[in-house]
Amino acid sequence: SFIWPAFLGIIRRPTLIGRTLFNRSRVRLASRAREVDANTAELSSIGVDPLAASRGVGGDLLQAFTESTLAGGSDCISLTTDARDNQRVNSFYLKHGFSLVTQFVSASDREMNEYRKRLK
């Protein structure tokens, strides 16, 4: 289910290929490195054109992901995002009911925030 939306996005913006592949491998490595709760879905990436963001497209995408997560039997969503110079994104997740769980420095020396949201 990930391949077609990613493929269409990459066709529209070829510069996304590197980031898409990086995030896909990052999710696999992270799930192997830590014990993953079977009832937790990971939101690995969400991207919205800045012009569409003001129309609520990000919230709509997040709502669709939440509904899909519940339909799939998970009761929690987890995600990580940059902590520095990323206030708009961090505020977005807090506004949509996510709680900051921890902050850490990634293997690539990026300061990261980990968020979670319980759905049930």
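Before you click, note that the model is predicted, with local features needing pLDDT of at least 70, side-chain atom pairs counting only at pLDDT 80 or more, and totals for chains, interfaces and linings using all residues. Residues are numbered from 1 along each chain as its sequence is written, and side-chain values use heavy atoms, leaving out hydrogens and water.

Start with the whole chain in cartoon view. You will find five helices and four strands, taken as DSSP runs numbered from the N terminus (helices H or I, at least four residues; strands E, at least two). Their pattern along the sequence is α-α-β-α-α-β-α-β-β. Of the 120 residues, 26% are buried (under 20% relative accessible area, with exposed over 50% and partly exposed in between; 1.4 Å probe, protein chains only).

Next, select residues 57-71, which form α4. This helix has 15 residues and reaches 21 Å from its first C-alpha to its last, close to the 21 Å expected at 1.5 Å a residue (1.5 Å times one less than the number of residues).

Now show the side chains of α4. Gly58, Leu62, Thr66 and Thr69 are buried. Look down the helix axis: the buried residues fall within an arc of 75°, so they line one face of α4 (the arc uses directions from the axis to the C-beta atoms). Turn to the other side, where Asp60 and Ala71 are exposed.

Finish at Gly73, which follows α4 and has a positive phi, near 95°.
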